[in-house]
Amino acid sequence: MASTAAGKQRIPKVAKVKNKAPAEVQITAEQLLREAKERELELLPPPPKQKITDAEELNDYKLKKRKGFEDNIRKNRTVISNWIKYAQWEESLKEVQRARSIYERALDVDHRNITLWLKYAEMEMKNRQVNHARNIWDRAITILPRVNQFWYKYTYMEEMLGNIAGCRQVFERWMEWEPEEQAWHSYINFELRYKEVDKSRTLVMVHPEVKNWIKYAHFEEKHGYIALARKVFERAVEFFGEEHISESLYVAFARFEEKQKEFERVRVIYKYALDRIPKQQAQELFKNYTVFEKRFGDRRGIEDVIVSKRRFQYEEEVKANPHNYDAWFDYLRLVESDTDADTVREVYERAIANTPPIQEKRHWRRYIYLWINYALYEELEVKDPERTRQVYQACLELIPHKKFTFAKIWLLYGQFEIRQKNLQNARRGLGTAIGKCPKNKLFKGYIELELQLREFDRCRKLYEKYLEFSPENCTTWIKFAELETILGDTERARAIFELAIGQPRLDMPEVLWKSYIDFEIEQEEYDNTRGLYKRLLQRTQHVKVWISYGQFELSIDSDDRIQRCRQIYEEANKSMQNCEEKEERLMLLESWRDFEDEFGSLANKERVWKLLPEKVKKRRKITAEDGSDAGWEEYYDYIFPEDAANQPNLKLLAMAKMWKKQQQQEDEEEEPHVSVIQYLLAGLDAEAGLWISSLCL
């Protein structure tokens, strides 16, 4: 009873919670984690360095460290890193026996840990404990035979120690487990390093894949056993049969026979493979067979094997649609590369026989290139100029020149005759082209040909014909004048320009006038240039012409150039006062302002600045396409000083502003609208005043 009472007294009493309400300040888990993370970042001061002076202190230090390691292990035995750190620390103190004991204890905890075995064995090898290391490797490969790293390191250690027999024995044990391909290759390379070719050959092939058969054959070939290598390839072909036939195996077999100069064998291998492998899966085989035949065989011999399938496809396409000219191009490209000239001509003749059914140029654009390719093939590949000439002439007879023509054909024919040194035929052909169907491209090509031949009289005649055909072409006039300028006949060039600007219709008159003006400037005929500018300004009052005129006068090296330039700007400003395009007038004034800023006096600068307009934002109505109201839009307008003086509304606005200033100064207490009207009436003329008075009344 006493013991029972004593037991009851030892049981602590549970304190009762009186207030179960939540605390005023709540602490969340997120806040706790954040505070813990912040405290981790606080840098703790490093521990002080300890210097051990005697054996007693060393023993205390070892005892303390061992106790720490043992405590860590006791907390969690499964953390292998703690065991490894402990063993490495003991190893650093040369306590190999203690380290070995720690590794053994760790293996009792987790004997399937690969890192633990590796560290243990590396420690023994580092300390030259070879037998201990062998013992560890033996235990490791016994427990974990599928870990290839143990076998690699074990064999490497034995080979480095010179224990070749022991290394071979380890390899034999390894191969009993039938490891991956790389392990077998390592064993083979090991035997080859010690010249054991027979042992390498007797290794069992556990991975019968195509690449391994090929490696086996290359191994025999490398060591000079050609018959054995051929036998390996034959065994591989028998092994895979026709169900699992491989393209790469036959390619390697053919290349092997090609190295041995057995060309007939190579052909048999390729043909055997091509008969059994589907065509879509034999692209590499086709490619290698083609390369082989091009090097060692007859191109005609492989036509049926390589080209027949593609030719059959193209034949089907052109039969289905004879006017599919892209298919004809592909077909011709094929036969040009693999057949003789007669076959190519036959296909070309079949292709050009399919003329477009409609005589419209857009339908002939693709077709005409068949003739061009045909002529180029005869000239460049076959080197038959007479047949090339016939092709060009037949093509030119076929084209309906009255409806449309192709300048490219005429020019190519002319260039061909030039290459054949037959200038008469070239000129005859181009002359016929200009007579039948004149075109800009034909004239340009013919003129360029005569220029290269330095036949300037012919060039003049051609330019005259060209201008009769197209007198509105400004580029032709300019080129004709440039030719005369280069030849030194400036009067003739000037006459050409005069004829050009006198034409009633021109496609680019501004370019023509600029070229004429530049020509006179180059000839330093400044009076003629001024006359041209004046004549041009009679036709157009464009602002760029005035600015160019002023810059021309400024560029002349004379005493009165600034005065002349200023006078031109003044004339331009007067002539453009009634111009509807206010942006052009503004452009002129800005150019004038820049000129005065650089060359003018202060008075001239102020004068130009007073002429500059004021930029005003306005609104206007927008009308939609159907005539409905689309709202308002804002735009900018320019009000020039002389325009502002002539507009009564602007004058009225200015006087209203003046009245507002006067009212602020006098601070009179009168009715605003009456005083405004009276003030405005006082400043306007009689007619405007009466009009406003009537409105107010």
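Leu 32 is partly exposed, at a relative accessible area of 48%. Partly exposed residues fall between buried (under 20% relative accessible area) and exposed (over 50%), using a 1.4 Å probe and protein chains only. The model is predicted: local features need pLDDT of at least 70, side-chain atom pairs count only at pLDDT 80 or more, and totals for chains, interfaces and linings use all residues. Residues are numbered from 1 along each chain as its sequence is written, and side-chain values use heavy atoms, leaving out hydrogens and water.

Leu 32 sits in helix H2, residues 29-41. Helices (H or I, at least four residues) and strands (E, at least two) are DSSP runs, numbered from the N terminus. With Val 25 and Ile 27, Leu 32 forms a nonpolar surface patch. Together the three expose about 320 Å² of accessible area, by the Shrake-Rupley method with a 1.4 Å probe, where for residues only the protein chains shown count as cover. Patch members have over 30% relative accessible area and no salt bridge; nonpolar side chains (Val, Leu, Ile, Met, Phe, Trp, Tyr) are joined within 5 Å, like charges within 9 Å. A salt bridge places a side-chain nitrogen of Lys or Arg within 4 Å of a carboxyl oxygen of Asp or Glu.

Asn 82 belongs to helix H4, residues 80-92. Asn 82 is buried, with a relative accessible area of 19%. Neighbours within four places in sequence aside, Asn 82 is in contact (heavy atoms within 4.5 Å) with Asn 72, Ile 73 and Asn 76.

The protein chain holds 38 helices and two strands. Of its 697 residues, 37% count as buried.
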